[in-house]
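Subject: Structure handover

Hi,

Here is the structure for you to look over. Please open it next to this email.

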Amino acid sequence: MHETVVLLDFGSQVTQLIARRVREAGVFCEILPCTAPLADVLRSRPRGIILSGGPDSVYAPGAPSVDRDLYASGLPLLGICYGMQLTAYLNGGDVVAAGEREFGRTSCEICADDPLFDELPRSQTVWMSHGDRIESIPNVEVIASSEHCPMAAVRIPEIHFHGLQFHPEVVHTEYGAQILSNWLFKVVGCRGDWKMGSFIDESVSAIRREVGEAHVILGLSGGVDSSVAAVLLARAIGKQLHCVFVNNGVLRKGEAEAVQEMFADHVGTDLVYVDASERFLARLAGVSDPEAKRKIIGNEFVAVFKDVAAEIKERSNGDVTFLAQGTLYPDVIESQSVYGGPASVIKSHHNVGGLPKDLGLGLVEPFKFLFKDEVRLIGEELGLPESVVWRQPFPGPGLAVRILGEVTADKVAVLQEADAIMREELERAGLMREIWQSLVVLTPIKTVGVMGDERTYENVAAIRAITSTDGMTADWFRMPYDVLDRMAGRIINQVRGINRVVYDISSKPPATIEWE
């Protein structure tokens, strides 16, 4: 048994970031919905409990709450944003709408000694995101404040509580990881006995228990997530695993050949290649809505998987009852509230919101509570080469969500060429490892241009490149001008159908990484 911290989810989009920071510190973190009975919360004998942020106001009708007996448990408690406000509200404090909403980087001053801020500067930058403020809390001791938030951090010794109005889990908080680590080791008293190797061993055992003698098909895209999942499942169930690579007609240029070559070199279990490009493009004909495109692609993937499952069952004399996927937590949290909390749906991911209710196959998703950088670490532990582990993310719906509006074979061909040029120039400049994700978007906007003394009226393409550690927050990459110049020049001159290129300088939030 690992020492455990329980994280109660109140619907924050970045709840899993808190868990990730805890795990990075070497402490196992279990996430439960805020609606979980106290007995369930205490069942794993947690060393401490964290109350997450959330989108609601604590004083609003129906706002998520928690069993008040939690505050009599004697366990160290940490409330973040909503979790801090809820604690104040439930313990006789006043929470009101703030006169000035705080969002973004904020200067915070430490005004009292506390283990939470041990060995940290008295003045530091934190990330605020709240529209309410705490007016008062009985028996509170303020340990940090900002210009518009007198109670930026507090402690309430009577109930073993620390509260942070800011978000230590996001990278924008200057010393956020150290603050959480201080709480874990200097307040809670954890030892730190959980490592990524533990995750691999425990996942292999869990997969064997879940699958038994059944056969599993895995949707292989060639990306990091599905490739690492393939190796992990191969370790767990060997020949019971059958990987399926589907060419959906919206892959990058040369992707189908590259994935099959990579698989043969580095994975080596049974691979079924299905060219379903015409089938997918026919289903996408006339569809412009991004959510509809995502769901169509998800449904069609599953239809292909079902056909393949029937074929595998016939030739292997085994019952195919599971579909394995490399689903990550950012996919899940943007598509639905996985823990039963009140999180908002941002957009459906084909492997989450796009799956039909009559799937007919059990799901095996070993990474659904992990981030991509954690999966990369697992890939390295499993011995996958750097070329696979450090591939940039590529969305399941592929180029379909990078073509704004209807998807056609002609538009796919145009975007494939532009995307290939962008990647070639990034490789040439040695920038691939600096960039989390890079993409070209084909917009339906047409502009007038002049080429060879003749008027053109063609589409605008947008280049986007971002930096990130987990995909939940991202900043736009400061692309060198000479690289942008070569990209734009080559795309305009070599790709028929594009006569103007722009560069996207939006961060996440408020934008998402993909345009659709």
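This is a predicted model: local features need pLDDT of at least 70, side-chain atom pairs count only at pLDDT 80 or more; totals for chains, interfaces and linings use all residues.

Residues are numbered from 1 along each chain as its sequence is written, and side-chain values use heavy atoms, with hydrogens and water left out.

Elements first. Helices (H or I, at least four residues) and strands (E, at least two) are DSSP runs, numbered from the N terminus.

**Aromatic rings**

A pair of aromatic rings is described by the distance of the centres and the angle of the planes. Rings of Phe, Tyr and Trp (its six-membered ring) pair if their centres lie within 6.5 Å; planes under 30 degrees apart count as stacked, over 60 as edge-to-face and the rest as tilted. Searching the whole structure gives 7 aromatic pairs.

One of them joins phenylalanine 199 and phenylalanine 367. This pair is tilted, at 6.4 Å centre to centre and 35° between the planes. Phenylalanine 199 lies in helix H5 (residues 196-211), and phenylalanine 367 is in the loop between strand E14 (362-364) and helix H11 (372-381), so the pair ties together parts 168 residues apart in sequence. Phenylalanine 199 is buried at 14%. Phenylalanine 367 is buried at 0%.

Tryptophan 476 and tyrosine 503 make an edge-to-face pair, with centres 6.4 Å apart and planes at 75°. Tryptophan 476 belongs to strand E17 (residues 475-476) and tyrosine 503 to strand E18 (residues 498-503). The pair links distant parts of the chain, 27 residues apart. Tryptophan 476 is partly exposed, with a relative accessible area of 21%.

There is also an aromatic cluster, formed by Phe280, Phe301 and Phe305.

Now charges over rings. A charge sits over a ring if NZ of Lys or CZ of Arg is within 6 Å of the ring centre and within 35 degrees of the ring normal. Arginine 478 lies over the face of tryptophan 476, 3.8 Å from the ring centre.

Most residues other than glycine have a negative phi, and most peptide bonds are trans. Where are the cis peptide bonds? One joins lysine 508 and proline 509, with omega about -10°. Another joins proline 509 and proline 510, with omega about 10°. Proline 509 is in the segment after E18, and proline 510 is also in the segment after E18.

Cysteine 81 is not a glycine, yet its phi is positive, about 55°. The residue sits in the loop between strand E4 (77-80) and helix H3 (82-90). Cysteine 81 is buried, with 5% relative accessible area. H3 itself is mostly covered, with 8 of its 9 residues buried. Among them are Tyr82, Met84, Leu86 and Leu90. Just after H3, glycine 92 has a positive phi of about 85°.

Glutamate 119 also has a positive phi, near 60°. Its place is the loop between strand E5 (94-110) and strand E6 (123-136). Glutamate 119 is exposed, at 77% relative accessible area.

**Helix packing**

Axes are lines fitted to C-alpha atoms, for helices over the stretch in contact, and angles run from 0 to 180 degrees between N-to-C directions. Angles under 35 degrees count as roughly parallel, over 145 as roughly antiparallel, 65 to 115 as roughly perpendicular and the rest as oblique. Contact means heavy atoms within 4.5 Å.

The axes of helix H13 (residues 409-429) and helix H14 (residues 481-494) come within 9 Å and cross at roughly 150°. That makes H13 roughly antiparallel to H14. Residues of H13 in the contact include Ala418, Ile421, Met422 and Leu426, and those of H14 include Val483, Met487 and Ile491.

For helix H6 (residues 224-237) and H11, the axes come within 10 Å and cross at roughly 40°. H6 and H11 are therefore oblique to each other. Val224, Asp225 and Val228 of H6 meet Lys372, Val375, Arg376, Ile378 and Gly379 of H11.

Best wishes

Methods. Buried means under 20% relative accessible area, exposed over 50%, partly exposed in between (1.4 Å probe, protein chains only).
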